[in-house]
Amino acid sequence: MSWIMNRRIVFSAIIALAVVVSGHQQQALRDPHEQPETWLSKYGKQIDQTFSGPLAFSHMDYVRCLEDESAAFDIAVLGMPFDTGTSYRPGARFGPYAIRSGSRRQRATRGYSLAWGNNPYEQDTKILDCGDVPVIPFDNSLAMDQMEVAYSTLLARPLASNTSAWAQGAALAKDGREHPRIISLGGDHTIVLPILRALNKVYGPVSVIHFDAHLDTWGGYPGTVTEQSRITHGTFFYIANEEGLVANSSIHAGIRCKLEGIGDIENDESVGFHFITSDDIDDHGVAAIIERIRTRVGDTPVYLSFDIDVIDPGLAPATGTPEAGGWTSREVKRIIRGLAGLNFIGADIVEVAPAYDHAEITGTAAADIVHDFLSMFVSQGPPKPPNLPGMWSRDEH
Ligand SMILES: [Mn+2]
């Protein structure tokens, strides 16, 4: 049968070809006396690729700054993996991991952005990933103290650089000297209470710019009858106001949560906040929102607290209490750029809970916003994008 013959011929041809190919690839054994070529001599340094290497923010050095008193920085990235103050979906203890993982395509050697016109890693400002606070997950009052002590420890360190881009910092501090700035990676939003307690010792009451879908100024949840149980990710600003930590020049941005009623807003005002709703971006636009925030906080010391749930859950689903109808990542990035030059003494990004993520979109967005914080910290004012060949001129329409 001819088709069987054909199959035999084809099969034999494949075998013959395989023999020829494998014979061709066979290498002579290396001379046993010859020194093998090393990776270093042939390929150079063992670089970390974007998708490889130890996990630190933007491939920075990861230093355990709480125990290493020689660690020098002007700006520290610090993880606070605490999530036992959340009212709905837990999991933000994995936030620092998710944000660092989301930052893997960032690195100091490729940190320039057209939007900012700078590379924050090349500004005579030493930035360091100081690791995570070893927050105990079994005792919230102990965890609160650990976070406050950790934050105070880093705040008290001398600056690494003589020429910080933040010369006005000394004028804000009660002791008249410049302190490092810390970008905290949450954790649920409760971490801001120990942060404000630590900042208060250095700066006194501070204005808060608070990006969030929620007010976080509620007085308590039903059943929270002990002092510790009153401290949650929805009540920490109320407690902070009781303790005199929040200046009456604070503002929320992106509010759209449901309320018990307008009494919540009256309470919010007494805590020290004005607010911008998520709809205000349609009615007033980005520029007006920036202006309203800048006018509200003025030249006071400002703490920026960024709850990832301010972004629409379609673009940042991995969070504890998602609310539909939020801002886009692009919109919040533009607002942040407009805030540069205010007296920022610290910032955080909280409520990233990667178990609810899809394709790492929340972690990627959060990491990008941390890069914006770094760019903002080293800028003297809102950036003016360069006029480069091929760019749409700012004068054109
Ligand atoms: Mn919040």
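In helix α6, the buried residues are Val 192, Leu 193, Pro 194, Ile 195, Leu 196, Ala 198, Leu 199, Val 202 and Tyr 203; a residue is termed buried if 20 or more other C-beta atoms lie within 10 Å of its own, exposed if 12 or fewer, and partly exposed in between, with C-beta atoms placed from the backbone. The structure is a predicted model, in which local features need pLDDT of at least 70 and side-chain atom pairs count only at pLDDT 80 or more, whereas totals for chains, interfaces and linings use all residues. Residues are numbered from 1 along each chain as its sequence is written. Helices (H or I, at least four residues) and strands (E, at least two) are DSSP runs, numbered from the N terminus.

Nine of the twelve residues of α6 are buried, so this helix is largely enclosed by the rest of the structure. Helix α6 covers residues 192-203 and reaches 15 Å from its first C-alpha to its last, close to the 16 Å expected at 1.5 Å a residue; the expected span is 1.5 Å times one less than the number of residues. The elements covering its buried residues include α4 (140-155), α5 (169-172), β3 (181-186), α7 (236-242), β7 (301-307) and β8 (343-350). Just after α6, Gly 204 adopts a positive phi of about 80 degrees.

Tyr 303 and Leu 196 are separated by 107 residues in sequence and by 8.5 Å in space, C-alpha to C-alpha.

At the level of the chain, there are twelve helices and eight strands. The C-alpha trace spans about 95 × 60 × 55 Å along its principal axes. Of the 397 residues, 45% are buried. Among contacts with a separation of 6 or more, 79% are between residues 24 or more positions apart.

Strand β4 (residues 207-211) runs parallel to β5 and is joined to β5 by three bridges; His 210 has His 252 of β5 as its bridge partner. Strand β5 also runs parallel to β6 (residues 273-277), with five bridges between them, and Ile 251 stands opposite His 274 in β6. In strand β5 itself (residues 250-255), six of six residues are buried. A right-handed β-α-β unit is formed by β4, α7 and β5, and another right-handed β-α-β unit by β5, helix α8 (residues 263-271) and β6. A crossover is right-handed if, with the strands pointing away from the viewer, the path from the first strand over the helix to the second runs clockwise.

Strand β2 (residues 127-132) is largely enclosed by the rest of the structure, because six of its six residues are buried. Four bridges connect β2 to the parallel strand β1 (residues 75-80), and Ile 127 in β2 is the bridge partner of Ile 75. The chain passes from β1 to β2 through helix α3 (residues 95-102) in a right-handed β-α-β crossover. Six of the eight residues of α3 are buried, namely Gly 95, Pro 96, Ala 98, Ile 99, Arg 100 and Gly 102. The cover over these residues includes β1, β2, β3, β8 and α12 (361-377).

An unreviewed UniProt entry lists His 189, Asp 212, His 214, Asp 216, Asp 307 and Asp 309 under "binding site". These positions span 121 residues in sequence, yet no two of their C-alpha atoms are more than 12.1 Å apart, so they gather at one spot. UniProt positions follow the numbering used here, feature names are shortened, and annotations may be inferred rather than shown by experiment.

Asp 212 lies in the loop between β4 and α7 and counts as buried because 26 C-beta neighbours fall inside 10 Å. Leaving aside neighbours within four places in sequence, the contacts of Asp 212 are His 252, Gly 254, Asp 307, Asp 309 and Val 310. Asp 307 is placed in strand β7 and, with 28 C-beta neighbours inside 10 Å, counts as buried. Not counting residues up to four places away in sequence, Asp 307 touches His 189, Phe 211, Asp 212, Val 350 and Glu 351.

How values were computed:
Contact = placed C-beta atoms within 7 Å. Pairing = 2+ DSSP bridges.
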